[in-house]
Amino acid sequence: MQEQNLLGQEKLVLEARKHLSFCGVQTVDGFNEQSLRLSVNDSKVVVVGDNIKITAFNKANGNLTAEGDFYEIKYLHKKVPIVKRIFK
């Protein structure tokens with residue numbers, strides 16, 4: 001099965017909390033056995049678990065696959081400055 005990533009779209013698939021597939025990844029900001037930090041469409045994503053290993057990453061199409069024991073996925077959005085929130 002071949003997947004193509006369209007610009008600006010993302011897809012996250014977690015199978016049995018052991019296999020992670022993520023499309024739309026711009027960069028891998030850091031990783032170790034307990035966490036994986038990614039940049040995806042102006043957001044940061046942190047994946048937490050144990051024994052995390054990146055099995056493949058293709059920066060050209062943004063596809064990343066990893067294996068491990070995953071138990072938390074957090075999206076961290078950029079905070080909008082208070083001035084912009086007040087004066088919409």
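Start by selecting Arg17, which sits in the loop between S1 and strand S2 (19-23); strands are DSSP runs of E with at least two residues, numbered from the N terminus. Phi of Arg17 is near 55 degrees, a positive value in a residue other than glycine.

Before you move on, a word about what you are viewing. This is a predicted model, where local features need pLDDT of at least 70, side-chain atom pairs count only at pLDDT 80 or more, and totals for chains, interfaces and linings use all residues. Residues are numbered from 1 along each chain as its sequence is written, and side-chain values use heavy atoms, leaving out hydrogens and water.

Now show the strands. Six of them form an open sheet in the order S1-S2-S6-S5-S4-S3, with antiparallel pairing; two strands pair if DSSP finds at least two bridges between them. At the edges you will find S1 and strand S3 (27-31), each pairing on one side only.

Next, select strand S4 (residues 35-40) and strand S5 (residues 43-58), an antiparallel pair with six bridges. Click Val40 and look for its bridge partner in S5, Ser43.

Stay in strand S5 and pick Asn51. Its phi is also positive, near 55 degrees, and Asn51 is not a glycine. Is Asn51 buried, partly exposed or exposed? Asn51 is partly exposed, because its relative accessible area is 43% (buried means under 20%, exposed over 50%, partly exposed in between, with a 1.4 Å probe and protein chains only).

Finally, go to strand S1 and select Leu14. With 35% relative accessibility, Leu14 counts as partly exposed.

Definitions and conventions: Helix = DSSP H or I, 4+ residues; strand = E, 2+ residues; numbered from the N terminus.
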